[in-house]
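Dear colleague,

I am passing on the model we talked about, and my notes follow it. Please read them with the structure open beside you.

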Amino acid sequence: MTVRVVIVDDQGMVRTGFGVLLNAQPDIEVVGEAVNGEEGLRRVAELRPDVVLMDVRMPVMDGLEATRRLLGGDGGAAPKILMLTTFDLDDYVYEALRAGASGFLLKDASAAELADAVRIVAAGDALLSPSITRRLIAEFSRLGGPRAPSRKRLEDLTERETEVLGLVARGLSNGEIAAKLVVAEQTVKTHFGRVLMKLGLRDRPQAIVYAYEVGLVRPGD
């Protein structure tokens, strides 16, 4: 199956460079480009890509607002959003993940890193480097305390599902969680899939945000 990609970036060299690198992959096709978030919304509606590479800072409409609008409706048909940034500790990290972005990619990524990133988010996984996760936790620490009004939805989770969500929020991979709980990695994936379904969450980044916002885990735990 070919992964269809739209690149939204105001720098022509970035669009061209990423386009050449991705189109060289047998399983990835760049189907369109846009120079700002507003045009990006139109191109996505028209082309229905699987993945959008979205620059954070652009004129007219930035990547954050475009991501909110793309993912604010019916999430079932929405593409996966991979935010492009010039450095790892971008101020937009927290808000972009809250808006539903699946991860971040540095603009100086290699061809292999770029292609892998597209495949990872297309498959429904999150692309969060350790430094991005640390940044996210630091942001929660700065904001202080739970931000969500209710923990009620947590009551729908089993004890094991709650445990898995807590470990995901601490930045552990499925393999690390499996080792910690002495279960198969596939079992962890099954538990986490149920967590997402019961809580109405899209992916790993949103699960991490949710766990901190309801106070299931706190910075420093």
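A word on terms before anything else: contact here means heavy atoms within 4.5 Å. This is a predicted model, in which local features need pLDDT of at least 70 and side-chain atom pairs count only at pLDDT 80 or more, while totals for chains, interfaces and linings use all residues. Residues are numbered from 1 along each chain as its sequence is written, and side-chain values use heavy atoms, with hydrogens and water left out.

I begin with D9, which sits in the loop between β1 (3-8) and α1 (12-23); helices (H or I, at least four residues) and strands (E, at least two) are DSSP runs, numbered from the N terminus. D9 counts as buried because its relative accessible area is 0%, the scheme being that buried means under 20% relative accessible area, exposed over 50%, and partly exposed in between, for a 1.4 Å probe and protein chains only. The side chain of D9 comes to 2.8 Å from the backbone nitrogen of Q11. If neighbours within four places in sequence are set aside, the contacts of D9 are V14, R15, A34, V35, D55, M58, L84 and K107.

Turning to the strands, β1 and β2 run parallel and are joined by 6 bridges, where two strands pair if DSSP finds at least two bridges between them. V8 stands opposite A34, a residue of β2. Strand β2 (residues 28-34) is mostly covered, with 5 of its 7 residues buried.

Lastly, which residues is G124 in contact with, once its neighbours within four places in sequence are left aside? They are K80 and D203. G124 lies in the loop between α5 (111-122) and α6 (130-143), and G124 counts as partly exposed because its relative accessible area is 30%. Although G124 and R202 are 78 residues apart in sequence, their C-alpha atoms are 8.6 Å apart in space.

With best wishes

Technical notes:
A polar contact is a pair of N or O atoms within 3.5 Å; within protein, one must be able to donate a hydrogen and the other to accept it, and residues adjacent in sequence count only if both atoms are side-chain atoms.
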